[in-house]
Amino acid sequence: MSWSGNCRLVQYFEYLTDEEMKKFKLFLSDSLPRGRMEKAGRIDMAMLMVDHHGEQEAWNVAVNIWEKMGLIELWKRAMAEDPLIYAAENLKEGKQELMKCNDAMPESGNRRKYRKRMKEKFQLLRDRNSRPGEHANFHHRFTQLLLLQEFRHREQKEHELLASGWQHAEIMKQRGKFLLLTALFDPDDKTGINPKTVVLQGAAGIGKTTLARKVMLDWAEGNLFQDRFRYVFYISCREMNQLVKREIRLADLITNDWPDSQVPMTEIMSHPEQLLFIIDGLDELNFPCDEHRYDLCKDWKCRLPVHILLSSLLRKVMLSEASLLITIRLTALGIFSSLFETPRHVEILGFSEEERKEYFYRFFGDKDLAKKASNLIEDNEILFTMCFVPLVSWIVCTCLKQQMERGQDLSHVSQTATALYICYLSSLFSPDERICSMQTLKGLCQLAAEGIWGRKILFDEEDLRRHGLEIKSVSAFLDMYIFQKGNDCENCYSFIHLSFQEFFAAVFYALWGEVRNESPILPHARIKEILEKYQETSSNSVTLTVHFLFGFLKAETAGKLKEIFGCQMSEDIKLELLKWVCSEIEQCKKSSLPGQLLELMSFLYETQDEGFLTKTMHHFQEIALNIRTKMQLLISAFCLKHGLKVSRLRLAIKLRRSHLSASNWRDLFSVVSRNQNLRELDLSTSHLGDSSMMILCSELRHPDCTVQKLRLDDCHLTTACCQDLSYALGSNRRLKNLNLSVNSLGDDGMKILCKALGSQDCSLQELRMFWCHLTDICCQDLSSTLIQNQNLLHLDLAANVLKDNGVKLLCEALKHPHCQLQMLVLWKCHLTSLSCDYLSFALKSNQSLTHLDLSGNSLGDNGIKLLCETLGNDYCKINSLMLRSCGLTASCCQDLSFALKRNRSVTHLNLADNALGNHGVTLLCEALQYPDCHLQELKLQGCCFSEACCWDLSLALKSNQNLTSLNLGGNTLGNDGVKLLCEAFRDPNCRLQEIKLWNTCFTAAGFPHLSAVLKSNHNLIHLNIAGTTLGDDEVNLLCETLNNPNCNLQKLILSRWQLSEDAQRMLDDIKMSHPHLTIESSN
């Protein structure tokens, strides 16, 4: 080399993108340390190569890899700069070959000849769009595929094409480490043992054969498994089908690909551990491999029936030390899995998103055209994720290229899968020039439908004849590349891809499917049957067929069908689909399965028929959707436009890496102004930006907007969107309830909102702003708003750092006669006893506030004493007081008891998670026994008391006829305490409807007392005993009690996970016989 190898390599590496650099490293994974390569930048990579290979060899290796990557311009430039690298073909085939194998096993003349022959056979690839005789370089067209070392059952895969496609992005995120081709036969991470059988599994058209040929070519070129396999042999199962009636030897299989007639079998078989047999398309065999092991043969020299020979190889009876690389469809894996001995399963997942884009670039050859096509498909995630299958990528690219060449609008083609396939077929079938009869096309559709129903994808000539398909008409389909014939296989046909078979099956049901019960032309030809098959949870093999079926409802598509197939879709079919959709909608209303409604709406979207949508969507009054992709958003927007009877709408929008335009958001949010029945809109947890909020607020200002309740909590909103919200609040007089919690609005955002809230045009009654990053700075504006706006009744400011100063400012409003606030939530606002002083003073004059939540603040006993000074007066109207976790002790209970005796307004009191102890509870019991105490709900969970105060509680409950709800959970009452309480629960004066005794340390011995309560207390409808360990005897007693006619329990909470199977069965039987009873499990 004329100048430093390091510098030269670095200069050329700069031409590579990051993605191309990653691929470059993959080619070197067998010759350089992987760990060092992963972290190496361009300079480090050049130094690593030169250190390992030397300057000239490093350069030679790099140039060779650029050619294989298809970087032709870069390769030509490097060749022109250093023409001595490949001065002649002999050097490339001879000296270069030897150089690659320096560290591999010794190269014999026979091996060299065989590798050269294999290279010639596998290096050229016939492109599907090429003219007869044209071929492409395999490496120029090959795009990397993702391999995952993991066994995934057929049940996990569901539908070969669609289920994988829609969930492909999730698989990419959730799956861990992917496998390199070079590591197929590496030792197992756990056992350290090299696998002898590797099963490459994948869906139709995913690239199994391509990958098998890639392994063969890379080995022949000296780039793969050189130190592991002396010989690699490729066996096509389609070709094996032609030999099914013959007896052959293993040598006969090898002879087909050997360069001359003399096969050196002795040399080849001398090291069986250095042999690799690639068995491609095992699922395509027309014969079983289920022979008894005794019928198999160890001797490779024997002449055997083909099925015995192949079974002997597969089951490691013959050449047990040899290695196998098997390709198979996932759907056939269960049939053949018993044949494999300790296999390594490797799934081909297809293209990643980046590789899909690269495929588009390689197909179009023009960066701008490729980008235009790729962007269009990315907008339709159904099509884009279907393109993870290489063959579908080819179909999509072919169709888009045809449209580009005709100068037609691409957006209509890429809108739905049906539109794309119709476009592709329209280009093949010209109405002016018929290449086959209508009867022949009908036969093709019948064949497809029969195959879909019977899960059959390979057809023989008998199958074709049965449907009236002659060899001549099949030839036409082969020329159009709808149908394909097996390589060197005279009696094996299939559609080019499963999706095409599903399309033609859908055509059959649309044009010739039966609606009534007359005798059908095919078994299962009734359209009702294909729809029922889709409904089966165990079978999603017809999902795409049903998609296409709905796509045919579009008038334009139906017209194209008539042009191509000479037959019109009947109105009866449309009515049957409408009837089925309406039935499915009713099921969706009852079901809680995630995604079920969206999948149904995707069928409706496929129709693009507004009349059909209007008839179906009017059945909905409530809709809840989890939107995760751009396509789901487009589907939702299209369908919701026609759901004009929906009154409650819940949308959780969390898109994955999708960029939405303003028109996409406008399309979705147009439902706010279009649907005049919409009353509640819940967008909580959605990822909304400032631009989308601007569009939403514009719709909220529309005079036709009737939304009354709007949830925007946890929507990633910032101060920037408050101005738009402010405009909406100031002009929308129907909006009554707004939730903005868990958004970073800040004081500046609150100040902007207050301007609108203070307007006379604002009719908002409830505002929730939990954890909005507010401080006391905004409280002056809030205070002014509360005085000006007499509509605002409920205000939630929880989890904001308002501190005492903020409460002081708010109390100025509370004291004002114009303030009509009824509920104020100040949970965890960093308050102290000083705030209680301000509130106590304000409550003396405030006649509207009835609910006050001060939980989670360090008020202490002194703070409560200050509050009680006001609570103990008749003028205080508070009826609900929340003081959970406020640092209280028994010291404040005397004041609380005094206030409760005098105040008839307080009906709900929460003192949970305060260390009141036995003495504190005893003091409260004094108030409970007082006739003027009107408390209805008392929460004392986690208050650190025991059975010592249960006598006082029992006495209080016997005399108190107002209390209906009591929570004593999390206190150590024990069996004795529960026994005392149960005496009160059984008393006729006890009015308790809800009793919570979870984690109160009583055992099975205390349960009979509760059982007696359930039989005698007719008021009790809700019981929580979670955390209590119940044996079968106790559950049996419980079930007997629940069956008692005097027991009115409606809700029971216990720890089911602790129960035996028999006990759980007893409870299940009770639930079946008592539909009004809910039994829940809790820890």
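**View 1. An aromatic cluster in the predicted model.** In this predicted model, one aromatic cluster is formed by Tyr421, Phe459, Phe495, Phe500, Phe503, Phe504, Phe548, Phe552 and Phe565. The following two views look at pairs of rings from this group.

**View 2. Tyr421 meets Phe500.** The ring centres of Tyr421 and Phe500 are 5.1 Å apart and the planes stand at 50°, so the pair counts as tilted. Tyr421 belongs to helix H25 (residues 417-426) and Phe500 to helix H29, so to speak distant parts of the chain, 79 residues apart. Tyr421 is buried, with a relative accessible area of 1%, and Phe500 is buried too, at 0%.

**View 3. Phe459 meets Phe495.** Here the pair is edge-to-face, with 6.3 Å from centre to centre and 85° between the planes. Phe459 sits in the loop between helix H26 (438-453) and helix H27 (461-466), while Phe495 is in strand S12 (residues 493-495); the pair therefore ties together parts 36 residues apart in sequence. Both Phe459 and Phe495 are buried.

**View 4. Lys533 over Trp453.** Take a look at the face of Trp453: Lys533 lies over it, at 4.9 Å from the ring centre.

**View 5. The largest nonpolar core.** This core has 326 residues, and Leu250, Phe504 and Leu712 touch the most other members. Helix H29 (residues 498-512) gives the most to the core, with 12 residues. Setting aside residues up to four places away in sequence, Leu250 touches Met269, Phe277, Trp300, Leu309, Leu313, Met318 and Leu319.

Notes:
Residues numbered from 1 in each chain as written. Predicted model: local features only at pLDDT ≥ 70, side-chain atom pairs only at ≥ 80, totals over all residues. Heavy atoms only, no water. Core = buried A, V, L, I, M, F, W, Y, C linked by side-chain atoms within 4.5 Å. Buried < 20%, exposed > 50% of the residue type's maximum accessible area, 1.4 Å probe, protein only. Helix = DSSP H or I, 4+ residues; strand = E, 2+ residues; numbered from the N terminus. Contact = heavy atoms within 4.5 Å. Phe/Tyr/Trp six-rings, centres within 6.5 Å; stacked < 30°, edge-to-face > 60°. Lys NZ or Arg CZ within 6 Å of the ring centre and 35° of its normal.
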